[in-house]
Amino acid sequence: MEVLNVNLKQASYYDKKDAIKDITFVISQGELVGLIGPNGAGKSTIIKSILGLMEDVDGEVVMGQESKFAYIPEHPTFYDELTLWEHIELAKAVNGIERDSYYKEAEKLLTTFRLQDEKHHYPGSFSKGMQQKLMIIIALLIKPKLYIVDEPFIGLDPKAMKDFISLLEEEQLRGAGILMSTHVLDTAEKICDRFLLVNYGRLIAAGTLEEIQGKSVLEGSLMDCFYVLMERDND
Ligand SMILES: Nc1ncnc2c1ncn2[C@@H]1O[C@H](COP(=O)(O)OP(=O)(O)OP(=O)(O)O)[C@@H](O)[C@H]1O
């Protein structure tokens with residue numbers, strides 16, 4: 001079953017027409033799809049279009065039956081006047097979450113991500129990685145059908161990265177679909193089921209690693225294929 005169906009004809013900024021053009025893809029339950037492409041390719045614009053944050057956009061974005069989704073932004077956003085734990089309480093209230101295990105799960109995630117000592121501190125005083133962990137914890141507690149994750153790996157320490165990846169795997173098994181934008185291609189290659197390659201605002205390749213290799217006529221890594229397909233598209 002699909003959790004996300006994207007059909008975007010175009011999205012523009014006032015001084016950048018067609019920042020993205022003809023972007024079409026679906027994400028099914030349990031799938032982790034990597035959104036990759038060079039700086040300025042249009043990944044954030046695709047994500048913003050899905051989230052409904054682009055003013056000038058043509059097309060359609062349909063989320064699965066249960067429209068609950070969680071967005072993990074590249075740049076953490078939080079309330080300066082709320083502590084970490086108050087953010088967790090707020091997420092429960094705002095999302096109308098009633099399951100009894102919520103706070104127990106929150107405690108467990110705080111332990112995993114080594115934030116127990118900061119529980120009653122304000123995230124404004126946290127490092128970038130710690131703020132990012134707060135975004136991740138809240139998204140996981142929402143237990144959405146769809147995750148939209150913007151560059152999660154830059155800033156996380158290796159243990160946090162490993163823990164985050166295995167938690168995402170558990171979420172996939174639960175049936176969640178994930179769209180993840182990243183520049184960390186060696187990790188993407190290991191964890192993603194499929195890839196969307198974006199260049200100059202257009203989708204230049206989509207598929208599994210094997211399919212991408214077929215398209216680039218290369219048995220190499222995702223990074224090698226990506227390089228070949230981009231060079232070919234730039235010609
Ligand atoms: N707020 C904005 N106003 C005008 N143009 C923008 C704006 N944001 C992005 N663009 C332009 O839209 C295009 C796509 O940018 P986008 O931020 O989507 O790329 P990206 O793939 O996310 O890049 P990166 O990997 O560097 O984050 C670029 O040409 C960029 O200059």
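**Ligand shell, sheet and domains**

Student: Which residues are around the ligand, and what makes a residue count as near a molecule?

Tutor: They are Tyr13, Asp15, Lys16, Ala19, Gly37, Asn39, Gly40, Ala41, Gly42, Lys43, Ser44 and Thr45. A residue is near a molecule if its C-beta atom, placed from the backbone, lies within 6 Å of it. This is a predicted model, in which local features need pLDDT of at least 70 and side-chain atom pairs pLDDT 80 or more, while totals for chains, interfaces and linings use all residues. Residues are numbered from 1 along each chain as its sequence is written.

Student: How does the shell around the ligand divide by class?

Tutor: Three of its residues are nonpolar, six polar and three charged. Ala, Val, Leu, Ile, Met, Phe, Trp, Tyr, Cys and Pro count as nonpolar, Asp, Glu, Lys and Arg as charged, and the others, Gly among them, as polar.

Student: Which element gives the most to this shell, and what makes a run a helix or a strand?

Tutor: α1 gives the most, with three residues. Both β2 (16–28) and α1 (43–51) supply at least two. Helices (H or I, at least four residues) and strands (E, at least two) are DSSP runs, numbered from the N terminus.

Student: How do you know that strands β1 and β2 pair?

Tutor: Pairing requires that DSSP finds at least two bridges between two strands. Nine bridges join β1 (residues 2–13) to β2, and the two run antiparallel, so they pair by this definition. Asn5, for one, stands opposite Val26 in β2.

Student: What is the order of the open sheet, and why are β2 and β4 at its edges?

Tutor: The order of the three strands is β2-β1-β4, with antiparallel pairing. β2 and β4 (56–63) each have a single partner strand, so one side of each is left without a neighbour in the sheet.

Student: How many residues of domain 1 are in contact with domain 2, and what makes a contact?

Tutor: Two residues are in contact if their C-beta atoms, placed from the backbone, lie within 7 Å. Nine residues of domain 1 are in contact with ten of domain 2. Helix α5 (residues 158–174) gives the most to the side of domain 1 that touches domain 2, with four residues.
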